[in-house]
Amino acid sequence: MGINIFSLSSIVILVLAFATAKIAVGGDPDIITDFTPPVNGSVANPDFFTFTGMRVLLEEDPSPAFRVLKASMSEFPGLLGQSVSYAVLEFPVGSVNPPHTHPRSAELLFLISGTLEVGFVDTANKLFTQTLQSGDLFVFPKGLVHYQQNVDPQDFSIAISAFGSANAGTVSVPSSVFATGIPDGILAKSFKTDVATIQAIKAGLAPKP
């Protein structure tokens with residue numbers, strides 16, 4: 001069994017964080033039943049409303065690289081129609097969650113351990129940044145580009161993010177720009193650089209063998 005990265009107080013905070021889900025404004029279509037039944041036609045039982053995918057946080061060593069553990073509609077079908085989802089973000093020292101957007105929901109981040117530098121850019125291209133300490137919350141408005149980075153030189157950071165959608169979606173800026181087949185010439189003109197530089201960036205983003 002791995003090292004437990006949560007103290008008792010952190011577990012209590014985690015439970016309280018999950019209780020904040022209802023403050024998120026729903027962004028999904030309303031349903032006219034108590035819940036959406038399983039898509040395979042089976043009868044809903046308590047297992048349908050239970051997600052166990054976060055147990056690894058208590059059973060494994062901290063991740064050596066940035067990692068996101070999601071509890072969205074894809075991983076937890078019981079969320080369909082409930083307008084809520086969660087993610088746990090693990091930040092080793094110096095790691096970054098690259099700039100990205102969530103097109104269908106705002107994100108309410110709760111830092112339960114460590115330090116994070118966070119920021120987002122609004123539609124007027126104004127950057128809003130903040131350095132968060134354990135216990136702080138920060139909201140990233142719906143659809144805006146944002147990021148997080150662990151700036152602590154020694155300590156691991158962990159955060160929980162709540163979304164007002166069962167499927168908030170994630171659009172990675174580096175991947176969507178440089179890894180989707182947009183022609184090199186268009187990118188070179190857009191970024192006022194040359195094709196060789198664009199190709200070097202793409203090579204750096206390519207999966208390592």
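Let's start with Tyr86, which sits in strand E2. Helices (H or I, at least four residues) and strands (E, at least two) are DSSP runs here, numbered from the N terminus. Keep in mind that this is a predicted model, in which local features need pLDDT of at least 70 and side-chain atom pairs count only at pLDDT 80 or more, while totals for chains, interfaces and linings use all residues. Residues are numbered from 1 along each chain as its sequence is written, and side-chain values use heavy atoms, with hydrogens and water left out.

Back to Tyr86. Its relative accessible area is 8%, so it counts as buried. That word means under 20% relative accessible area, with exposed being over 50% and partly exposed in between (1.4 Å probe, protein chains only). Tyr86 and Ala71 are 15 residues apart in sequence, yet their C-alpha atoms are 5.1 Å apart in space.

Now step back for the overall view. The protein has 5 helices and 10 strands. Of its 209 residues, 34% are buried. Contact means heavy atoms within 4.5 Å. If you take the contacts between residues at least 6 apart in sequence, 70% of them join residues at least 24 apart.

Next, go to the largest pocket. Rolling a probe the size of a water molecule over the atoms shows where empty space is left. The search uses a 1 Å grid over the protein atoms alone: a cavity is a set of points where a 1.4 Å probe fits but cannot get out, whereas a pocket is an open set with protein on both sides within 12 Å along at least five of seven lines, and lining residues have an atom within 4 Å of a point. The largest pocket holds about 360 Å³ of space; grid points are joined across faces, edges and corners, and a volume is the space filled by probe spheres set on the points. Strand E1 (67-71), strand E2 (85-91), E3 and strand E9 (157-163) are the elements that give two or more residues to this pocket's lining.

Which residues lie nearest the centre of the largest pocket? They are Val68, Lys70, His102, Gly169 and Thr170, out of 22 lining residues. The lining divides into 8 nonpolar, 11 polar and 3 charged residues. In this count Ala, Val, Leu, Ile, Met, Phe, Trp, Tyr, Cys and Pro are nonpolar, Asp, Glu, Lys and Arg are charged, and the others, Gly among them, are polar.

There is also a record to bring in. An unreviewed UniProt entry places the feature "binding site" at Asn97, His102 and Glu107. The lining of the largest pocket includes Asn97, His102 and Glu107. UniProt positions are given in the numbering used here, feature names are shortened, and annotations may be inferred rather than shown by experiment.

Take Asn97, in strand E3 (residues 96-101). Asn97 is buried, because its relative accessible area is 10%. Setting aside residues up to four places away in sequence, Asn97 touches Phe66, Leu89, Phe91, Tyr147 and Gln148. With Gln148 there is also a side-chain to side-chain polar contact of 2.7 Å. A polar contact is a pair of N or O atoms within 3.5 Å; within protein, one must be able to donate a hydrogen and the other to accept it, and residues adjacent in sequence count only if both atoms are side-chain atoms.

His102 is in the loop between E3 and strand E4 (107-113). A relative accessible area of 6% makes His102 buried. Beyond its neighbours within four places in sequence, His102 is in contact with several residues, including Glu107, Lys142, His146 and Phe163. The side chains of His102 and Glu107 make a polar contact (3.0 Å).

Where does Pro174 sit? You'll find Pro174 in helix H3 (residues 173-178), and it is partly exposed at a relative accessible area of 22%. Pro174 and Pro99 are 75 residues apart along the chain, with 7.3 Å between their C-alpha atoms.

Finally, look at two backbone angles. Ser83, in the loop between E1 and E2, has a phi near 55°, a positive value in a residue other than glycine. Lys192 isn't a glycine either, and has a positive phi of about 55°.
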